[in-house]
Protein chains: 4
Amino acid sequence: MEKNNLDDDNSKPKHYCGIAGIYSDSLTKIPEKLFYTLFSLQHRGQESAGISYYEDGSIRTYKDLGMVPAVLSRYLEKDKQNIVSRIGIGHVKYSTKDKNKIENVQPIHAVSNKGDIAIVHNGALSNSSEVRKLVFDKGAILQSTADTEIILHLLAISEEKEFKKALFNTLNLLEGAFSLLLIKDDSLIAVRDPYGFKPLYVGKKDDMVVFASETCALDILKIFDAREVEPGEVITVDRHGMRSDFFAKSTARSCCVFELIYFGRPDSSIFGKSVHSMRKKMGEALAEDETVEADIVMAVPDSGNSSALGYAEKSGLPLEYGLSRNHYAGRSFIMPTKEQRELMVRMKLNPVKDVVKGKKIILIDDSLVRGTTARLIVKLLGEAGAKEVHLRLSSPEVKFPCYFGINIPTKEDLISNRMSPELIAQHIGASSVRFLSMEKIKKVIENADDFCAACFTGNYPFEIKEATDD
Amino acid sequence: MEKNNLDDDNSKPKHYCGIAGIYSDSLTKIPEKLFYTLFSLQHRGQESAGISYYEDGSIRTYKDLGMVPAVLSRYLEKDKQNIVSRIGIGHVKYSTKDKNKIENVQPIHAVSNKGDIAIVHNGALSNSSEVRKLVFDKGAILQSTADTEIILHLLAISEEKEFKKALFNTLNLLEGAFSLLLIKDDSLIAVRDPYGFKPLYVGKKDDMVVFASETCALDILKIFDAREVEPGEVITVDRHGMRSDFFAKSTARSCCVFELIYFGRPDSSIFGKSVHSMRKKMGEALAEDETVEADIVMAVPDSGNSSALGYAEKSGLPLEYGLSRNHYAGRSFIMPTKEQRELMVRMKLNPVKDVVKGKKIILIDDSLVRGTTARLIVKLLGEAGAKEVHLRLSSPEVKFPCYFGINIPTKEDLISNRMSPELIAQHIGASSVRFLSMEKIKKVIENADDFCAACFTGNYPFEIKEATDD
Amino acid sequence: MEKNNLDDDNSKPKHYCGIAGIYSDSLTKIPEKLFYTLFSLQHRGQESAGISYYEDGSIRTYKDLGMVPAVLSRYLEKDKQNIVSRIGIGHVKYSTKDKNKIENVQPIHAVSNKGDIAIVHNGALSNSSEVRKLVFDKGAILQSTADTEIILHLLAISEEKEFKKALFNTLNLLEGAFSLLLIKDDSLIAVRDPYGFKPLYVGKKDDMVVFASETCALDILKIFDAREVEPGEVITVDRHGMRSDFFAKSTARSCCVFELIYFGRPDSSIFGKSVHSMRKKMGEALAEDETVEADIVMAVPDSGNSSALGYAEKSGLPLEYGLSRNHYAGRSFIMPTKEQRELMVRMKLNPVKDVVKGKKIILIDDSLVRGTTARLIVKLLGEAGAKEVHLRLSSPEVKFPCYFGINIPTKEDLISNRMSPELIAQHIGASSVRFLSMEKIKKVIENADDFCAACFTGNYPFEIKEATDD
Amino acid sequence: MEKNNLDDDNSKPKHYCGIAGIYSDSLTKIPEKLFYTLFSLQHRGQESAGISYYEDGSIRTYKDLGMVPAVLSRYLEKDKQNIVSRIGIGHVKYSTKDKNKIENVQPIHAVSNKGDIAIVHNGALSNSSEVRKLVFDKGAILQSTADTEIILHLLAISEEKEFKKALFNTLNLLEGAFSLLLIKDDSLIAVRDPYGFKPLYVGKKDDMVVFASETCALDILKIFDAREVEPGEVITVDRHGMRSDFFAKSTARSCCVFELIYFGRPDSSIFGKSVHSMRKKMGEALAEDETVEADIVMAVPDSGNSSALGYAEKSGLPLEYGLSRNHYAGRSFIMPTKEQRELMVRMKLNPVKDVVKGKKIILIDDSLVRGTTARLIVKLLGEAGAKEVHLRLSSPEVKFPCYFGINIPTKEDLISNRMSPELIAQHIGASSVRFLSMEKIKKVIENADDFCAACFTGNYPFEIKEATDD
């Protein structure tokens, strides 16, 4: 009997995680502040949460399976409130397998000849097997299945005595996506891989330096003025202030386009772009090529909201709210059988009959992966009397695996590998299905060369020697 | 230390509860079906949940503090799944005081000389003290503070031997709002007070008759064709079918206008009207009298969504999504201090800076009670660079207490009793504040005489002899 | 799937409950003090616990299913520690049916025309149906299946205006066993039925008056000097001090002999007698008539401990500890199947092979009800190499139901109604089985006429008009 | 706020843990069987529990903080019941520090170049720092503070390709106490250090081979015929059967004498001796040298039970049960303040006044560490009217630290390092205090040279180069 989360509908690619870190010159309630930032990143991972903070000369780690409030609300309690610290890092995680393996929950925290280190990681290594073999051969024991643990092993086996050199050598062994935050003794270190696959922001306020995957997590601490950690950059914050180094030269950026399409919160900036505005423009771009006549435009809430707004504005068609989302649908509970996926969709989304009845509808969502949920939504709208349902996706067809931290179904499960848009329409019962073209999305993004869109194109930023399956 | 719920922001009037009931000719998974219907009514009460069902000749009741999934997900477990029944009722509840008093959680279930009866109740009696005194004098002991328990006492002390007569006599002693569902032996009985304050729908499917406060709870069981239980009507469903009686003549309807303004889910029909469409029209009506120039229209999500859409359409101003709502904000946790109300608002709502910056904004919400949250939202928008924020409420000024089941703050706490719209604007930092006029709302509703708007006007449908304080 | 408790082995009669009450002239941590006293009474009921205390002019009740630490440890927490009060009552309960019915958990607390009253009750009414009918006819609604609720109803329907008179009238309507504690406004009232079926002690310390079922619960508060509340006595403690009245004349005492045989803690005084000393003497009396030769005497721990000591001393045979009891066996968990009763016994008791091997054993236990567990214990000892096992019970054969609060299996389930001691020996695999005779137990108790031994003799203190089944 | 366990009274040395392992030729409910064996070993560690089992080609581990029923009862649930396996190991643990560090909970399970291995460990390494340094230098990262993790690291860094050789090399690097069980691929391996500090038994039944720290854990599976794993022995069980090897020659045994004195369950055999019989003989030996006159002998339950029996028998003085132990005292809850240690003792132990009053008492316990609890017990007996209390300990004075897995307070905290028996008597309020002499205990044990009694004598079996502090 497995707990299912109504949100966890498998209809979307999964992000791996969100990270945050705080350095303060003076003692402050670091764990409490991490609570707020991680809560703002909850959408990036709902399966587990954890923090490490530096207190009285050593690092303390608290982590567990569950959402941020369940795991960390102890730090809002009177007794724990008084825990003060100067340095802390935190993590929220979605895990695709070994759900119950507490060992995989981050931060990962260990002592070694390089000292007492806690680390959090957003992304995935594309040379995971290679570096895993490397540390195995050296006699490492792996207690988790996380790439993150391997990074600590590489650090520990490095023969460089100086920590910074050991770190840089280690980072140069890694290939793929890694936005990292580390506590090392009384310093906080932030790292972003040379391709900049995953976002990482840094901002300052009073005597605090704060890092977070998205700007919405800085907003909650009233830090409205932040910059990206640069690809290849290592930022160290300690008693001597904040220093920037580069462990590698970034020859080409490969920012994950899906962060803009689906992962990021609309109120965040990611890769220097407003997520909401980008999505709205994708919706506009979708409208430009429209071929069918329709009465209304509506979103699959909330993933299609911004693009539906853009589509409506551009097309001149009236926007409508024809699907109501149950606010409580994120709460997890056990579903009797897997067959009841349809019931789960019904519990989450319900048509507004008055709006839908007799209408030709342009229905906007961000992407299509398996098509299962889309079919059910089209069915719901049909029951409610919709005359036509034209599904429009504000991204191209997802056809290829991601080796950098997005969990995309196997190739065979991706509906676009099996069917043309016409066949998909038939399969899901829609009047038509249309994807935003790669050209259009490039135009929207402007600096499209700085982005990785391999899941659409199969053009990876470099040759992938191995396929990780997590 | 009290648990706070981010949703529970006190910025809105509180509804008391939602109810549902199912009668089936054949044995079916009644508790599981009640789970789905109550989950659809979760927005009507988040503090407790419970069900009663008839099994093997007696009524079983299961209820607890907590949300529907926490309390009832046991009925989705393999072991409990097999619980079948033919009759069941359920309840979700928001409780204003005695939060921990399990005795107040409904259904209330007792045996008496009238048999084994379980009851759920949406609404509040306006002659609560009077009937309480009546049963006290007869020697009743009250284990809860709920009006609902009094109804059972009245039934028990009735000298009518015949149940139907005892019930009708009892109902005629009650004054105020009461949509009721009862299990009495192997029958299910639905009652709506003669004023029809609170909604109650009935629908049929196969061999099932289902009652629910809103149609969205019938949708989940694929019942799309339902009618209202009429004011003063008593519907009895048993082995002999479904019968309708009237225990009192309904001389004047007094449907609660706030159900349309705020309580109902947009995808529901309430009092025969589509909630979303009504709200959209309220937004349109708001736009008609607009006096200021603005760049964009945006809602306080989600309470202002539908009216903002209507406003934008009518005014021709572009609709925007300038406030992002954290989907996880409904999860309850302990907040360190009450002073951190601001932090709670920030955790729930965050401006989309790109949208807001430099803009003259029409900000739409449904109603204004204390003004505390509104002030914080205006502050957030200001920080994000908004040039002007014109708050528009799609309802008139709330000035009077409700004696029929809505929990409105005391008169002194209602900001509209202390300030004019101009002063409110000043107080909350808005450029201007404007309410929808009573005349406009009447026009929108059309059959406005059938509605109670006493919280705006002070004109109660009948003289209130006493004030209940819960 | 039902939780089973290793202690809950059904091999013993069940006591119904234990009660405690505290009155203090000055404010003190009443809930915390009730925790300690109830924890000392935990052996009298492990299924639920609860307290009511008077605070700020009203009574607050907290109760739940579970053991004392699980239910009440909140009152040891820093936050709750500061809850002070002057008056409180508490209850621990074993419930035979409707285990999950929270409504049956005591204290029962209600308001009525007699004021705000909380009540706890040890015992059972033998005219339960009669008084239940009485209150039903008057229009009472019963939300629990507990006799205790009926007492509150009788109080409420009494036409006496003066509380004391109403109470006395009510008490005179009750037949059977009732040791009661009530909070009524700011007074604490203790009652014991005229037969004195169940124990109730009262002691004083500083400005506190404390009531408890057994003296061990007074010891924890360092009250070493207590007296019994007398049969028929009503003790009222309030601002004016402590007053004693008698609501009825006690014509004949009927103290429950099983309190001495099995229920009481050995370190308690009950009915003015040391429980341990009584049991030791029962063991001595058992030894007097011994007919078999044996090598060692040993107890079934811990119910046979004291009598085994007495037996060994009297007989001159060496005492041995041949069965080891797992200290953790009281923790409840789910057992896979009911068939695994044997495993449950093995988890709780294990022979000390070195002691048992090759020995002729006198095995002492307090009583025999179904014989199921005894058979398993004899089997265990056989496996460990015992040569002969002679089971000796320090009480007569249990043959009759109890109407005063002890849960004894149905007549057919009582092994002594189906078999002679010789047949029982054969049935359970023992070499012989012998019970303490009624004559002997009378001699041990000395004032045997003051005791009820109806479960052995069938001679009830008065004619029982009805049989309650709980 | 820390959870305190009434059992956890710090008045006794703490054992580190208990281990169990099962190999079955055919698939069986290994997790369920481990539940029963670990439950029988619960007295060896109450802070955490865990199991690893081999299923479908890989090892699964489930562990958590808490007692066995809390952590593992899931394996008795219907759903999990069907988990079958052929190989499993389990652990119960008492942890002296880092209580909340889930990483320290065993089994420790990791993959490395030596394969997928899970390990449990009873004992402590006396060269912990040395081997820790060794693996640190090789680049190991340590995620726990447990010695056990180091053993896995040593295995992984071993350059021997053949697993058996790598294991033997690793074991030869370890110094101190280690009874180990490992799952390695589809084999189960048991190891006992060459000194045999900690017990480990192996027994067979049908097609199962079972290992456990004490025989009581084999009894529950009806294995009554077991042998010790020999010091220095490695037993491997796999498809090819059971093989015995010796990784080192055992030159001198050093079995932990405290296992007999206090740790073991009385119904167990440990080091080939019946625990109960040994303790009884210690009590007899204590009696031989008695110098004072007394009325009764009684134990501090339950640690002094067996020796009090022996003492009484030898001395001819009557045995009595003068202290009653609350059966529910093992349940943990939060105590308001540390000052309430006295209350904790009172909640656990209560005098039987009738027995104690006016008596000269010989009070037997197993050992004296800090003297805190003893003082409180003497006080309790004094309050209950005892005339004289002569405390007798069935072990010598504890004066020295243990480097092999027993948690003994620091030297300064050991009362025998600060006071003579006469002073101790004065300090704790006893009439006299006497310890069993080293000579006597040697005589009782017979093969005393095979035992480590360094905590009494300071004579360690070999030179300890370093002191571990856990």
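Visitor: How many residue pairs are in polar contact between chain A and chain D?
Guide: Six, with both residues at pLDDT 80 or more; a polar contact is a pair of N or O atoms within 3.5 Å, and within protein one must be able to donate a hydrogen and the other to accept it, with sequence-adjacent residues counting only if both atoms are side-chain atoms. This is a predicted model, where local features need pLDDT of at least 70, side-chain atom pairs need 80 or more, and totals for chains, interfaces and linings use all residues. Residues are numbered from 1 along each chain as its sequence is written, chains are lettered from A and ligands numbered from 1 in written order, and side-chain values use heavy atoms, without hydrogens and water.

Visitor: OK, switching over: how many salt bridges between chain C and chain D?
Guide: Six by that rule. K222(C) pairs with E342(D), for instance, their closest N and O atoms being 3.4 Å apart.

Visitor: How many residue pairs are in polar contact there, across chain C and chain D?
Guide: The rule finds 25, again with both at pLDDT 80 or more.

Visitor: How many residues are in contact, chain C with chain D?
Guide: 64 residues of chain C with 65 of chain D, where contact means heavy atoms within 4.5 Å.

Definitions and conventions. Salt bridge = Lys/Arg side-chain N within 4 Å of Asp/Glu carboxyl O.
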